[in-house]
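Subject: Handover of a structure

Dear colleague,

Please find below the sequence and structure that I am passing on to you. My findings follow directly after it.

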Amino acid sequence: MNSTNSRLRFIGVIFLIVGLAIIFQIVRVQNSPQAKEMISYLEKTYNQEVRVIKPERGNIYDRWGNLLAGNTEVYEVGIAPPQVINSDTVAQDLSSILGLDFSEIKKIARSYIEEGNEQYMVVADFVPADKVHLLENKLAEYEKADKPKKGAAPSLNGVHWVAHLRRSYPENTLAANILGFYNYYDRVDGRGILGLEEQYNNLLAGTATRVVLPMNPTAIQEIPSVPPGSSLILTIDRGIQAAAERIAQKAQEDSGAESATILVMDPETGEMLAMATTPAFNPNEYQKYGEIFPQGSHYNRAISQLYEPGSVFKVLTMAAALDSGAVTPETTFVDTGAIEVGGLWIYNWDRGAWGPQDMTGCMQHSLNVCLAWTATEMGPTTFYNYIQTFGLGKYTGIDLAGEQVYPLSLPGDQNWYPINLGTNAFGQGVAATPVQMITAIAAVANDGKMMAPHVVKAYIQDGHQYDISPRLIRQVIKPETAHALTEMLANSLENEASVALVEGYRVSGKTGTAEIPGPGGYESSVTNASFVGWGPSDDPKFIVYIWLEKPTSSPWGSVVAAPVFSEVVSELTVLMKLPPDSVRQQMAQP
Amino acid sequence: MFDQRIIQAYKQAPWRVQLQWIGALLLVLVVGMLIAGVYLYLSAEATAAGTHIRELELEREDLQIRIADLSTQLAFLRSASFMQGRAETLGYKNASQGDIVYIPVPGYSGRQVIFLAPPPGNDPVDASIIKPAYKESLWEWLYQGTFDLIESRGVKP
């Protein structure tokens, strides 16, 4: 009996030792570095999902909240070959609905059966939602259908579609030159190109966030809410922009010009209300960029194409002459038809002699000789100091990508000659962009204060709207100088019964016709025709700049550009709800 | 002999001892099963809740995409050219200066620029979607409950 008991105890001890050894080994193996490494790898691979959440690109609105750039729903469609049940159905439906190649799709759908391919393959991207709805309908139809007795049932198993956003411009061509575009077909490195899309790319794009999400449903973790990119609210008025674009297009056709540019600005704030340029471009089809803008052409001529502005520049020269005290509005100049500056002769546009003229007469008849004389009266130092103060030769700093500037030649520079003082006075031999010109001349319409031009009025970030305050660049001329010049330019338009006049509104303005420099000197056959004007003259609320490049119907700004100004202002007063002067003055009386 | 009789008198019958053992084992088994049942039930509930939350999060992402898309579709339908076309179809024409009558309205300063979001300063409360109760452990719950109780009675811990 004792012997049996001791044997049993012995066997028990053996089993105990073996059991303990097994437990020890289990614990040891599970805690070994290799096991920890494997667990870590498996956790990373199967127990969690790493996602990069790309925020929705911010919207762009006009000043009244009309959406100019938003996002639309599109789909990526792909095939997971191991999940495909019926490759014929997959190929048939994807080819008929999405227009894909039947044999190509069938090959992908059968690639698991034939080659063991397990890789998910994208077969189409940027598929519109309506086409995906057709696929959804097919899917529902197959699920309801009875299974056939022979062969595989029709099935879209293995076909997946995932929604994502694509940049979209609901107004199509409207304000495209301001907005720029987003190259949405590049889903990895897509970015804003030109205009606001480029200038504010980082703000609009927001910050992508990388999150690690556990696949274990018991380990609940909230997906962080990634805020969308900031949205922009522009100073642009959609109605004015649409009118300006329509008028620009018509003006280009009527005048036979190569391009037309119209800018509308609030001189008190520097807010751009409209910036229309031709040709029209639809940023929804940005891939056509090369066709519309061949190499060397400008996407937004208003900010990037430099040109010699011609006589509209005389506004700046006269402002400088009046402000410096070199002349007064009543100063009389006897125009003999020619003046010698720096050893070379300068003539009037018509080669005529206009006799005694006061300064209003000089501006009214756009006398090159008179303006060259005022520049010589000021002297180069004073003249160029004023021109620099007006911002010529410097960036305006407008918040759009692609602004260009041409350095101003100054006395002492290699490319400056004494004749430049005379020619610069009437806008030849000096290059500027339309936005530079309107910014400088807007100072005359705003009591001599030059405001920074801008197109963004506010931005929305993290649920808050931040307003951007107008920025004063500097006081360029005295308020009384600005008022006197505004009055002179209003009188000059009235005296010549200009076609720029607008019934019911007193406006001030100046025409401009500039010859275009070529390789062999100035070409008299082609010109740049311009007009700048603002109103109402006693309390300016708008300034409009017109530029027609190389018009063929007439070379003169007074013929082709001045009526465009009148047309723009006629629509502008309605859109801005500006009552006629008589009504306004009547309303202002107590 | 007397001692043996006393022991025998107080000694349980063998079948009673066995019954007690069986009862004790069954009690342990039932308690164990109850704990396992509660654990399984809670795990299943937590898994279902987790799965539901994941589904809701995916739905939220889909809805965000849908909202952005619908806003853009609406903008297409209200675009300048589309509205102009609709207005012309309905027989309207653009107003000219002669069509407009101006009436002074005291205090009216004209159309104001749009406000699409509140100005900075009005911070909304940062509300997490998943309540802490779904993520806290039993120990955290007990600790927080005790702390709240002490706080409510004004007793310093």
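Chain A is split into two domains, with domain 1 covering 71-169 and domain 2 covering 238-588. The centres of domain 1 of chain A and domain 2 of chain A, taken over C-alpha atoms, are separated by 59 Å. Please note that this is a predicted model.

As to the interface, 40 residues of chain B contact 38 residues of chain A. On the side of chain B that touches chain A, helix H2 (residues 14-77) of chain B gives the most, with 18 residues. By class, that side of chain B comprises 23 nonpolar, 11 polar and six charged residues.

Five strands of chain A form an open sheet with antiparallel pairing, in the order S11-S10-S22-S21-S20. Strand S11 (271-277) and strand S20 (508-518) of chain A are the edge strands, each pairing on one side only. From one strand to the next, the twist averages 15°. Within this sheet, strand S21 (residues 521-535) and strand S22 (residues 542-549) of chain A pair in the antiparallel sense over eight bridges. A:Ala529 stands opposite A:Leu548 in S22(A).

Two helices pack on the sheet. H10(A) touches strand S10 (259-266), S11 and S22 of chain A, and the direction of H10(A) makes about 150° with that of S10(A). Helix H18 (residues 434-445) of chain A touches S10, S21 and S22 of chain A, and the direction of H18(A) makes about 145° with that of S22(A).

Helix H10 (residues 238-255) of chain A also meets helix H21 (residues 562-575) of chain A; their axes come within 10 Å and cross at roughly 160°. H10(A) and H21(A) are therefore roughly antiparallel to each other, and the crossing is right-handed. On the H10(A) side the contact involves A:Gly239, A:Ile240, A:Ala243, A:Ala244, A:Ile247 and A:Ala251, while H21(A) supplies A:Val564, A:Glu567, A:Val568, A:Glu571, A:Leu572 and A:Leu575. Sorted by class, the contact of H10(A) with H21(A) has nine nonpolar, one polar and two charged residues.

A further helix pair in chain A is formed by helix H13 (residues 314-324) and helix H19 (residues 479-495), whose axes come within 9 Å and cross at roughly 130°. That angle makes H13(A) oblique to H19(A). The crossing of H13(A) and H19(A) is right-handed. H13(A) contributes A:Met318, A:Ala319, A:Leu322 and A:Asp323 to the contact, and H19(A) contributes A:Thr481, A:Ala484 and A:Leu485. The classes in the contact of H13(A) with H19(A) are five nonpolar, one polar and one charged.

Finally, some points of backbone geometry. Most peptide bonds are trans, and most residues other than glycine have a negative phi. The peptide bond from A:Thr278 to A:Pro279 is cis, with omega near 5°; A:Pro279 lies in the loop between S11 and helix H11 (289-292) of chain A. The bond from A:Gly535 to A:Pro536 is also cis, with omega near -15°, and A:Pro536 is placed in the loop between S21 and S22 of chain A. A:Ser366, a residue other than glycine, has a positive phi, near 55°. A:Ser366 sits in the loop between helix H14 (359-364) and helix H15 (368-378) of chain A.

With kind regards

Technical notes:
Residues are numbered from 1 along each chain as its sequence is written. Chains are lettered from A and ligands numbered from 1 in the order in which they are written. This is a predicted model: local features need pLDDT of at least 70, side-chain atom pairs count only at pLDDT 80 or more; totals for chains, interfaces and linings use all residues. Domain bounds come from an automatic or database domain assignment. Two residues are in contact if their C-beta atoms, placed from the backbone, lie within 7 Å. Helices (H or I, at least four residues) and strands (E, at least two) are DSSP runs, numbered from the N terminus. Ala, Val, Leu, Ile, Met, Phe, Trp, Tyr, Cys and Pro count as nonpolar, Asp, Glu, Lys and Arg as charged, and the others, Gly among them, as polar. Axes are lines fitted to C-alpha atoms, for helices over the stretch in contact, and angles run from 0 to 180 degrees between N-to-C directions. Angles under 35 degrees count as roughly parallel, over 145 as roughly antiparallel, 65 to 115 as roughly perpendicular and the rest as oblique. A crossing is left-handed if the near helix is turned anticlockwise from the far one by less than a right angle, and right-handed if clockwise. Two strands pair if DSSP finds at least two bridges between them.
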